[in-house]
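Subject: Structure handover

Hello,

Here is the structure I said I would pass on. My notes on it follow below.

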Amino acid sequence: MKRFLCIFTLVFIFCSKNPVSTSGDEIELRVPQNGSIVRTTQPEFDWYGLSGVNIYRIIIFTGSDTVVDERISDDSYTLFKFIPSGQYRWMVLGSSDGSNFKYSSPIWNFTLEPAPFRISSTLPMPGPVLDILPFREHFFAACNEAGVVVLNRGMDIVSRINTFDRAISLAVDSLSNLLFVADYRGNLIVYDISEIEHPELVNYYFVRRVVDVSTKWMRDTLFVIAADEDDGIVIFSMDPDGIFVQRGTPFPVGGYCNGIDISDTLIFAACNERGLKIVSFSNPDFPYLISELDLPGNAMDVVVNGMFCYVALGTSGLAVIDISNLQQPRSIFSYNPGIGTSYKVELTENYILLPAGTSGLFIFENPLSPFLIQQMDMPYTYSAKRTADGKFLAGDRDWGIVVIER
């Protein structure tokens with residue numbers, strides 16, 4: 001028994017991440033190493049604890065400015081605040097009483113250089129950015145209880161829309177100049193954005209718990225499809241007087257309907273634990289189920305492109321589905337990072353963007369045969385979109401709108 005305890009003690013000491021120094025008054029730094037290049041957007045700082053020290057003071061600075069000066073009780077620190085790419089220096093001070101910092105470390109240098117993409121700027125917003133919608137020379141941001149914020153291409157806020165409950169998702173029709181807001185607890189709200197910096201309320205329509213919205217012209221009729229978290233898929237069409245009329249009754253999906261996308265007369269629905277459902281609305285008064293596919297995790301969002309669709313799976317990551325045979329959709333790719341929660345998925349010509357909550361933004365290259373090229377750490381990322389000039393915008397709870405470029 002004594003021999004076992006001795007072995008256990010030795011293993012514990014030598015495997016400990018941060019063994020405490022027992023003598024001396026210099027704090028020994030660990031990471032980022034002196035002269036290193038840091039590729040993450042949220043660098044982690046670590047050092048060996050010093051015996052008798054209860055409070056540490058970490059200082060991160062450039063030649064002229066102090067970026068961070070914080071007091072903590074741990075011997076590690078994660079920089080959640082955004083700082084731009086560049087060269088930085090850092091050091092740690094230690095105190096036994098919280099006021100007299102008589103212990104110190106050497107000063108180390110590091111270069112912050114995320115790759116291949118980098119965060120170039122952030123724009124604080126009045127609430128978590130749950131959806132971003134580019135439209136002509138402007139952007140709309142759904143900011144939860146703070147409503148909708150209208151920005152121009154220069155990222156200047158030009159207008160605010162006060163919605164009724166929580167603005168979660170957005171859709172726009174360029175022919176009618178109508179903006180549709182999924183406002184969660186009971187309202188699909190319609191705004192006239194003919195004067196885009198001065199939106200005007202047109203009307204609102206009751207949908208029990210609307211969480212996503214999409215539009216589609218069929219022949220001469222504009223259809224608006226809403227995902228109702230409780231009741232399923234709700235279909236509206238615009239009559240000759242410009243009034244939207246609900247078609248039939250909500251189509252139940254057997255679980256929470258979290259997200260939708262439309263292709264021709266087909267609705268693709270992300271249905272939480274019930275996976276993916278493909279529904280025809282060729283007769284909008286009587287939609288019917290074509291097929292369904294069980295998927296791991298909780299299906300939160302779906303985007304369709306040609307013969308493939310892309311599904312965000314909550315804590316289970318991403319799935320790519322082959323829909324060339326609508327009667328038998330099949331999963332051809334999945335990626336589960338084991339961290340974060342994927343709320344939405346966004347597709348560009350060359351990339352898949354997967355916002356993943358606490359794990360930031362996952363960027364995959366080559367949508368037909370995806371491979372992960374970068375994880376961009378951010379505090380809590382809900383949404384992402386590509387801009388006309390090839391940049392990415394990420395919607396974050398704490399940082400607001402995050403501009404990402406090469």
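A pocket, as the word is used here, is an open set of grid points with protein on both sides within 12 Å along at least five of seven lines. The model is a predicted one.

Pockets

The largest pocket holds about 540 Å³ of space. Its lining is made up of 23 residues, and those nearest the centre are Leu170, Val213, Ser214, Asp261 and Lys385. Several strands take part in this lining: E11 (131–135), E15 (169–173), E19 (210–218), E23 (259–263), E27 (301–305) and E35 (381–386) each supply at least two residues. Strand E19 gives the most, with five residues. By class, the lining of the largest pocket has twelve nonpolar, three polar and eight charged residues.

The second largest pocket has a volume of about 420 Å³. It is lined by 16 residues, and the closest to its centre are Leu130, Ile168, Val211, Met300 and Tyr343. The lining of the second largest pocket divides into eight nonpolar, three polar and five charged residues.

Asp322

Asp322 belongs to strand E29, which covers residues 318–322. Is Asp322 buried or exposed? Asp322 has a relative accessible area of 10%, so it counts as buried, the cut-off for buried being under 20%. The side chain of Asp322 makes a polar contact of 2.7 Å with the side chain of Ser324. Leaving aside neighbours within four places in sequence, Asp322 is in contact with Met307, Phe308, Pro329, Arg330 and Ile332.

Salt bridges

The count of salt bridges comes to 13. A few of them are described here.

Asp165 and Arg166 are joined through their side chains, with an N to O distance of 3.3 Å. Asp165 is partly exposed, at a relative accessible area of 24%, and Arg166 is also partly exposed, at 24% relative accessibility.

Another salt bridge pairs Asp230 with Arg208, where the closest N and O atoms are 3.0 Å apart. Asp230 sits in the loop between strand E20 (221–228) and strand E21 (232–238), while Arg208 sits in the loop between strand E18 (200–205) and E19, so the pair ties together parts that are 22 residues apart in sequence. Asp230 is partly exposed, with 27% relative accessibility. Arg208 is partly exposed as well, with 44% relative accessibility. Both residues belong to a network of salt bridges that links Arg208, Arg209, Glu229 and Asp230.

The side chains of Glu292 and Lys277 also meet in a salt bridge, at 2.4 Å from N to O. This pair links distant parts of the chain, 15 residues apart: Glu292 is in strand E26 (residues 288–293) and Lys277 in strand E25 (residues 276–280).

Backbone

Most residues other than glycine have a negative phi, and most peptide bonds are trans.

- The peptide bond from Val31 to Pro32 is cis, with omega near 0°. Pro32 is in the loop between strand E1 (29–31) and strand E2 (36–38).
- The peptide bond from Ala115 to Pro116 is cis too, with omega near -5°. Pro116 is in the loop between strand E9 (108–112) and strand E10 (118–123).
- Tyr184 is not a glycine, yet has a positive phi of about 60°. Tyr184 is in the loop between strand E16 (178–182) and strand E17 (188–192), and is buried at a relative accessible area of 8%.
- Asn366, also not a glycine, has a positive phi of about 65°. Asn366 is in the loop between strand E33 (361–365) and strand E34 (371–376), and is partly exposed at 34% relative accessibility.

Regards

Notes: Residues are numbered from 1 along each chain as its sequence is written. This is a predicted model: local features need pLDDT of at least 70, side-chain atom pairs count only at pLDDT 80 or more; totals for chains, interfaces and linings use all residues. Side-chain values use heavy atoms; hydrogens and water are left out. On a 1 Å grid over the protein atoms alone, a cavity is a set of points where a 1.4 Å probe fits but cannot get out, and a pocket is an open set with protein on both sides within 12 Å along at least five of seven lines; lining residues have an atom within 4 Å of a point. Grid points are joined across faces, edges and corners, and a volume is the space filled by probe spheres set on the points. Helices (H or I, at least four residues) and strands (E, at least two) are DSSP runs, numbered from the N terminus. Ala, Val, Leu, Ile, Met, Phe, Trp, Tyr, Cys and Pro count as nonpolar, Asp, Glu, Lys and Arg as charged, and the others, Gly among them, as polar. Buried means under 20% relative accessible area, exposed over 50%, partly exposed in between (1.4 Å probe, protein chains only). A polar contact is a pair of N or O atoms within 3.5 Å; within protein, one must be able to donate a hydrogen and the other to accept it, and residues adjacent in sequence count only if both atoms are side-chain atoms. Contact means heavy atoms within 4.5 Å. A salt bridge is a side-chain nitrogen of Lys or Arg within 4 Å of a carboxyl oxygen of Asp or Glu.
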